[in-house]
Each structure stands twice: as C-alpha cells, then as structure tokens.
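Have a look at the model first.

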Amino acid sequence: MARDRDNRDDEDDEDDRPRRRPRNDDDEYEDRRPPQTTNPGSAKAAAVLWIVLSVLGLIGGLLSIANADLQTIVQVLVAVAFLITGIQTLTGTVSSILGAGIASVILAAIGLIVGVVAVLFGGAIAAAGAPNGAAAGVGGFVMIVGIIMLIGPAMLMIAGILAIVGSKKYLLWRAYKKQQAGTGRSRRRDYEEDEDDEDDRPRRRRRPRDEDDGE
C-alpha cells in the first residue's frame, strides 16, 4: 500500500507540472519570420527630425543668399544632405543611417559648444555691465540668442542618437524589404506553400502488422 501511495503521489506531481503548449503553424512561422519587417521607430523619428531641421536650415540659408558667404554655403549644403538622407531613410533607399547619425552627433556637439559659449559670454556681459542698463541689455540679448542656438543642435543630437541606436534594425528592415521586392512574395505565403508541398508528397504505406510478425 505504501508503494501505491507513492505512485499516486508521483502521478499527482506529474499532473501539477506545467504542460508544454503544442506548437502550431503560427509558432513555426514566427520562428522563421525575419527579425525586422517594418522601418524601426527610431529611424523614422531621426528622419523626421532631419527633414525638419533641413527645411529650417534651407530657409535660413535662402534668406541670407544675397550676402552669401562660406558659412551660408556650408549650411545650405549640409541642410540639403540631411534632407535627402531623411527622405531616403523613410523610404528605405539609403544604404545605412549610421554615418548620418555619427555626423549628426559631431555637428550637434559643435553647435552645442557654440551655444553654451554664447550663453556664458552673454551672462558675463550682463554681469559686468549690471550698473549700466544698456550693457546688461546687450548681455541678456546675447544669452537669449545663445539659448535659441542650442535648440537646433539639441534636436540634431537627438536625431543622431536615434539613428545610431536604430541603425542595425534599419539594416535588417532594408534587407527584408529588398528580399521581398526581389521575390515578390510574402514570407507567410512562402511558408504556407512549403506546408502544402509537404502535404502533397506521397505517403509511405505502412506494412501490415501480420507481415511484420511473419518476418
């Protein structure tokens, strides 16, 4: 009786074990599905920021085109480059966004340094000319300009970080997109057709049990 009780206890323990859910066709398809089938959100956000900043840069460059200098020309060229990169990132036609992300971080860092220097310089002027209302006003104006100058580089820094973070997923999505464009068929359809081919294969006839026993 003790052995029967132990056997019943073992059976109860087995019944309490979590059952493994049987795999179905959807599970097998999920295993074979590519890791990135859509444009990642980080890449799209970076592209939108690039486009917005590029449009603003082009507007500023065109307004000062009459007195264009080297800085204005560089500003327009950089704006055009980021505008094209942003549009291509949304459409998945640019080969990689890692380089644009690194360039964004570098340019943003330079812009942030310039903006911080302007804010500090304006603060120093305002502090030194505190007894003089005109000097304090000039210093405050310089500080405001410096703060405004920080907005664009800060947005560009965010775009660069997003592009760097999402560069790998973007490459996976682009590879998937290129594969689909080449085959013209969905992965799900390919999987289902493979299953249909397996179902159409001739089944091996099972030998009767009597023949097996005779041998």
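Below are notes on helix packing and a nonpolar patch.

This is a predicted model, so local features need pLDDT of at least 70 and side-chain atom pairs count only at pLDDT 80 or more, while totals for chains, interfaces and linings use all residues. Residues are numbered from 1 along each chain as its sequence is written, and side-chain values use heavy atoms, with hydrogens and water left out.

**Helix packing**
- The axes of H3 (residues 41-63) and H4 (residues 70-91) come within 8 Å and cross at roughly 150° (axes are lines fitted to C-alpha atoms over the stretch in contact, with angles from 0 to 180 degrees between N-to-C directions).
- That makes H3 and H4 roughly antiparallel (angles over 145 degrees).
- Residues making this contact include Trp 50 and Ile 51 of H3 and Phe 82 and Leu 83 of H4 (contact means heavy atoms within 4.5 Å).
- H4 and H5 pack at about 145°, their axes 12 Å apart.
- Here Val 78, Phe 82 and Thr 85 of H4 meet Ala 100, Ser 104 and Leu 107 of H5.

**Nonpolar patch**
- Leu 98, Ile 106, Leu 107 and Phe 141 are among the residues of a nonpolar surface patch with about 830 Å² of accessible area together (Shrake-Rupley method, 1.4 Å probe, only the protein chains shown counting as cover).
- Patch members have over 30% relative accessible area and no salt bridge, with nonpolar side chains joined within 5 Å (a salt bridge is a Lys or Arg side-chain nitrogen within 4 Å of an Asp or Glu carboxyl oxygen).
- H5 (98-128) and H6 (133-165) each supply at least two patch residues (helices are DSSP runs of H or I, at least four residues, numbered from the N terminus).
- H5 gives the most, with six residues, and Ile 106 lies in H5.

How values were computed. Patch = residues over 30% accessible without salt bridge, like charges linked within 9 Å, V, L, I, M, F, W, Y side chains within 5 Å. Parallel < 35°, antiparallel > 145°, perpendicular 65-115°, else oblique.
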